[in-house]
Amino acid sequence: MKLIILEDALQASEWAAKYIRNRIVQFQPGPTRYFTLGLPTGTTPLHCYKKLIEYYKNGDLSFKYVKTFNMDEYVGIPRDHPESFHSYMWNNFFKHIDICPTNAYILDGNASDLQTECDTFEKKIKEAGGIELCVGGIGTEGHIAFNEPGSSLVSRTRVKTLAMDTILANSRYFDGELSKVPKMVLTVGVGTVMDAREVMILITGAQKALALHKAIEEGINHMWTVSAFQQHPRVIFVCDEDATLELKVKTVKYFKGLMIVHNKLVEPLYSMKEAKDSQPSKRPYSD
Amino acid sequence: MPPHKIGTEAQIVQFTNCRILRGHELIWEDLWIREGRILDPEKLFFEEKKSADVKKDCEGHILAPGFIDVQINGGFGVDFSLTHEDISAGVALVAKNLLAYGVTSFCPTLVTSPPDVYHKVLPQITVRNGSSKGAGVLGAHVEGPFISHEKRGAHPDSHLRTFEGDAFQELLKTYGSLDNIAIITLAPELKRSHEVIKELTSRGVCVSVGHSVSHLKEAEEAVRNGARFITHLFNAMLPFHHRDPGIVGLLTSDQIAPEQQVFFGMIADGIHTHPAALRIAHRAHPKGLVLVTDALPALGLGNGRHTLGQQEIEVDGLRCCVAGTNTLCGSVASLDTCVRHFLQATGCSVETALEAATLHPAQLLGIEKQKGTLDFGSDADFVVLDDSLNVKATYIAGDLVWKDKTFSH
């Protein structure tokens, strides 16, 4: 894995946005070659989305040939509910960029047959050629998407019932009232994300520190589902100093020392303005 | 890959780089239009999977609902109360010229006139939608003849009437028909007025109290029977008195049911009402304030002598009086001028000033689902304004119907 440590959440989000930008630009997407991106919701990626919108507005990045697959959605709340993930994605991302509506895929939490909806979603990912880069976050319980502790590490897209901790964490979005928080969600499985060709996890804040420690310094454990990515050939964890608070000093020093190499992934920053002329740069070696 | 077009092929237009008035706030948000109505872009994206066909950059300006004027006696030389003119052509001329002031809907107003004038004129003031030909007509506002002698203002004495005799039938005989009437201003102290108000309200006509010497009690009775507007507050009514507030007391009356909101018109031209009085009224009942022009045929024509119904008037700057007297008889300030004056005189927010000329008149007439807002599904009648609230462009049903030569659209 690559562990990218930035000073604060804003810088971490910006690094992540730059990485996504470079990956898309260097991929040189076109009408017969779409870049498939897995996307998260929540507070952590908000600034990352803002930067991506900025890159689009400056003409450096276009989402015309990008297909997006969101990782989850609540079951049973209206699509236009202010807290639905459809609303989140529209307000924080889609409405500001040039993505085609037919290329934005989000699970439908109001489908008449939820499992069929999940199976169809898996099929759509396959038809799109698999996910090139899946961006995700991590819950305080170490879960990826809504793969709560105890989720199978080879799970696929399915219906999940939320753990009490997650419901409590989400209640801040529902006027603090537990009764208003949806109890069921549709989520991609751990296996689904593992199938992506590359995974990038954004982790910021002290409250995520224990989860990060469990995810990368201890064993693979279905109680901390993000730990499954220890077996993924290409994963990047992007975090801020606060998120490293539970890590060994040795781990942090090692990866901070590698920043000089890892920063070559975002410097130089490529733009679609010169995309036609530029050659993809030599990748720094993986480890 | 372009989105697959299903269903209607109507063009989707996205106005960008603008602040829109929505939810009582000015927010940086795009305005989407299709088939003359305001569109929900999120629904369009997720359900129809479509995007905009055309984008229009609004240069950072404000987009507000089109202004609605519920009291305007004419303009540009046209007098709605004069029968020897071609009334339809006159209404059309005014409607066309109002677009430059950001007005997208209005109520042509008739002052006190003899019955034959109403019989001739009213059928020609047909309710219709606005278009590039001019602002929409919401219905006529008949101000009189059932008003107080003492507070007639510029209305001719000889044509005043009462309800004695046949009450509602008397009214019907006078006007001929209620078909094209949106608002009736009457004095509630007149005998039998309350049964008339009740009947009019049940037939969907908006009743306004004005040109009256009514005390608060009678005015409250009128509201209980259905009256919901006050014609040009402070003007042509008893002055506010601390032991007998008169009609002005309706603004803070506790005898009115909460669901019976009372609106009041104000002519914010700097002449009809002292700015301090404007502020008092605004602060007492901000949600009820409706900006009106009470504009004269002389609107847009400059200084000199002009007519108003059966009378002659004198215009000097923004001041208009019955010829040879000091009796104010209307205004030549346009509605956008009134919005700017109201903003400056009260120090209120831009949102408040705009709602006084859009949302509130729409609510008064019960048409707030189609007009007066930029909510999804409502008619795409809107204006582009700069930060000083000068009109840069006017749109009706999504079509550009007027623009300032400096504006790029």
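This is a predicted model: local features need pLDDT of at least 70, side-chain atom pairs count only at pLDDT 80 or more; totals for chains, interfaces and linings use all residues.
Local features require pLDDT of at least 70 and side-chain atom pairs count only at pLDDT 80 or more, while totals for chains, interfaces and linings use all residues. Residues are numbered from 1 along each chain as its sequence is written, chains are lettered from A in the order in which they are written, and side-chain values use heavy atoms, without hydrogens and water.

The domain assignment (automatic or from a database) divides chain B into domain 1 (7–64 + 375–403) and domain 2 (66–365). Their C-alpha centres lie 31 Å apart.

| Interface | Residues in contact (heavy atoms within 4.5 Å) | Buried area (accessible area lost by both parts together, 1.4 Å probe) |
|---|---|---|
| Chain B and chain A | 14 residues from chain B, 16 residues from chain A | about 1400 Å² |
| Domain 1 and domain 2 of chain B | 19 residues from domain 1, 22 residues from domain 2 | about 1600 Å² |

Between chain B and chain A there are two salt bridges (Lys or Arg side-chain nitrogen within 4 Å of an Asp or Glu carboxyl oxygen). One of them joins K95(A) to E29(B), with the closest N and O atoms 2.9 Å apart. On chain B, helix α1 (residues 41–48; a DSSP run of H or I, at least four residues) contributes the largest share of the side that touches chain A, namely six residues.

Between domain 1 and domain 2 of chain B, the count of salt bridges is zero. Carbon and sulfur atoms give 71% of the area buried there.

Terms used: Buried area is the accessible area (1.4 Å probe) that two parts lose on being put together, summed over both. Helices (H or I, at least four residues) and strands (E, at least two) are DSSP runs, numbered from the N terminus.
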